[in-house]
Amino acid sequence: MSVDHKTIQKIAHLARIRVSAEEREELASELSNIFDWIEELDKVDTNDVDPMTSVVQASATLRKDNPNDGGYPKKITANAPEAVEHFFTVPKVVE
Amino acid sequence: MILTDLTIAEARNMLNAGDISSVELTEAHIRAMEATSSLNLFITETCEKALSKAKESDTQRLSGNQGKLEGIPIGVKDLFCTHGVMASAASKILTGFTPCYESTVTKNLWDAGAVMLGKTNMDEFAMGSSNETSYYGPVTNPWQRANEPKVKLVPGGSSGGSAAAVAARTVMGALGTDTGGSIRQPASFCGVVGMKPTYGRCSRWGMIAFASSLDQAGPLTRTVRDSAIMLEEMAGYDAKDSTCVDIGVPEYEASLEKDVKGVRVGVPKEYFLEGMPEEIRSIWDQGITWFKEAGAEVVDVSLPHTKYALPTYYIVAPAEASSNLARYDGVRYGIRIEGKDLQEMYENTRAEGFGREVRRRIMIGTYVLSAGYYDAYYLKAQKVRTKIAADFRNSWKTVDLLLTPTAPSAAFVQGEKMNDPIAMYLNDIFTVPASMAGLPAISVPAGLSSDGLPLGLQLIAKPFDEELLFRGAGILELAANFKEKPTLAA
């Protein structure tokens, strides 16, 4: 399957990664090769097969729905590139 | 006696007997780190912390209240969050990220008394099979080709720094993580023991996520016994990871006392590849002979969907990665590259912060999850995954363990596969199937290639049967009697 430039541009936008024109070229050819290789899977008959949803057959552990952690906003924002008080900051989004 | 040549078990016994102190042991390893600095094994060294912890350990031991790894110096893959010490995932995007908390697996090890020497180098976000995608530069394998000693070889990946550090005698053991072979393949390339437990055996809490349905922490060590000792301390239920299974952790070291008489060892015919190097085939045959000599019953089995495991992996893992790595947005941690608006800030930060392979995999993952392609790729892959797991379940009717090579080659030359993603992905052809099924697996050094490089054999076991896995690995280790040391070791 061939992945064209337009598709690369669309995926890059969805993934929020800036891609230069030159990189678009490279990615289109690399991803095309990878998807050609993945097409091998079409040979597997998966009618009447359920998709795998959990790796280990074990039922989920439940706990009481009570808060048991939190209350340390300073720690939460400690690694932010730009934090003000206890808040994360972003470029202005509303005029 | 060279302290850095001791195994964890030997060091533990000498520490207990009072023959050596943890400070002496730790100092010896710090000297080894200095002597091997050109291999680029560590992203962050924590020598001062290590020495003060070693002192505490020596005091602790005097009180007679020591942990099972009391005073043992180890390395930690830089994918684990460590309180107050940078966790980078070898990515530019996490520059300076200093966790305010400790991962469960590392906490378990510190509670057992282990001493951290540093955070080991790795492929960026654990995406790679050669440790060449690290923002902090490649790791050099301490092993060299006998006839071409100047050629720099890769240590494998993604836990390349951990495997190479264990091989180079700079740490007694190291933590790694395995998503599709990231512990086992570098273990094979570096001539050490690398073990991936059953999915759910160790908590993933505090381990920077790559592909959540596949990621699992495991030990890299120089012996099978050391692997058992480390896993016993790492493993266990953790309420903070909902996929961590609440069952008891057996005494793995004790399981090594039993033999493998009557154990059924399966040899899956689909792992015989066209064009597989002769020396990989012969080391595999050698493994079969060793098991027969030890009284095991060797059985031929078929795992018909083996060849589909790798393409399935390259849908499932990038899909999960694309959603896990969405959190790196220049807002909450790491670097931010400004733009004219929020959208451009995200795009600039992620373009600058992620390396080429990580960007490639996020793009693949985004594509297979995007509207109109989800059923054709992701859903299809999860169905094939069901069939791959069913193959293994069928095989357990007739066998108890599976024996395969770990990797299709010995360590290769730096730079050789960087421009051919599929050639690089094929490194994990023998390790990915067990990952897809969540099974425990181990790589044990079995011999040397014609140019003097280590080759590993892999054993795969039923879910949560790590005890039999260690027993089987112990048989391989005893028979192989692998004592060679890499030329660039400290």
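This is a predicted model: local features need pLDDT of at least 70, side-chain atom pairs count only at pLDDT 80 or more; totals for chains, interfaces and linings use all residues.
**Legends to close-up views of chains A and B**

View 1. Side chains of opposite charge can pair when their charged atoms come close. Polar contacts between chain B and chain A number 20 residue pairs, with both residues at pLDDT 80 or more.

**View 2. The side of chain B that touches chain A.** Five helices of chain B each give at least two residues to this side: helix 10 (309–324), helix 11 (342–353), helix 12 (356–369), helix 13 (375–395) and helix 14 (421–425). Helix 13 of chain B has the largest share, 10 residues. By class, the residues on this side of chain B are 32 nonpolar, 15 polar and 15 charged. In the interface as a whole, 62 residues of chain B are in contact with 47 residues of chain A. The two chains bury about 5,100 Å² between them, and 69% of that area lies on carbon and sulfur atoms.

**View 3. The largest cavity, lined by residues of chains A and B.** A search of the whole structure gives four cavities of 30 Å³ or more, and the largest has a volume of about 70 Å³. Its lining consists of A:Glu23, A:Glu26, A:Leu27, A:Glu30, B:Arg356, B:Arg359 and B:Arg360. The largest share, four residues, comes from helix 2 of chain A. Six of the lining residues are charged, one is nonpolar and none is polar.

**View 4. The second largest cavity, lined by residues of chain B.** The volume of this cavity is about 50 Å³. Its lining is made up of B:Ala126, B:Gly128, B:Ser129, B:Gly180, B:Ser182, B:Phe210, B:Tyr313, B:Tyr314, B:Arg361 and B:Asp428. The classes in this lining are four nonpolar, four polar and two charged residues.

**View 5. A salt bridge within chain B, between B:Arg169 and B:Asp5.** The closest N and O atoms of this pair are 3.3 Å apart. The pair links distant parts of the chain, the two residues being 164 residues apart. B:Arg169 is in the loop between helix 5 (160–167) and strand 4 (173–178) of chain B, while B:Asp5 is in the segment before helix 1 (8–17) of chain B. Over all chains, the count of salt bridges is 28.

**View 6. A cis peptide bond in chain B and a positive phi in chain A.** Most residues other than glycine have a negative phi, and most peptide bonds are trans. The bond that joins B:Gly157 and B:Ser158 is cis, with omega about 10°. B:Ser158 is in the loop between strand 3 (115–120) and helix 5 of chain B. In chain A, the residue shown is A:Glu85, with a positive phi near 55°. A:Glu85 is in the loop between strand 1 (83–84) and strand 2 (87–88) of chain A.

Key. Residues are numbered from 1 along each chain as its sequence is written. Chains are lettered from A and ligands numbered from 1 in the order in which they are written. Side-chain values use heavy atoms; hydrogens and water are left out. Contact means heavy atoms within 4.5 Å. Buried area is the accessible area (1.4 Å probe) that two parts lose on being put together, summed over both. A polar contact is a pair of N or O atoms within 3.5 Å; within protein, one must be able to donate a hydrogen and the other to accept it, and residues adjacent in sequence count only if both atoms are side-chain atoms. Ala, Val, Leu, Ile, Met, Phe, Trp, Tyr, Cys and Pro count as nonpolar, Asp, Glu, Lys and Arg as charged, and the others, Gly among them, as polar. On a 1 Å grid over the protein atoms alone, a cavity is a set of points where a 1.4 Å probe fits but cannot get out, and a pocket is an open set with protein on both sides within 12 Å along at least five of seven lines; lining residues have an atom within 4 Å of a point. Grid points are joined across faces, edges and corners, and a volume is the space filled by probe spheres set on the points. A salt bridge is a side-chain nitrogen of Lys or Arg within 4 Å of a carboxyl oxygen of Asp or Glu.
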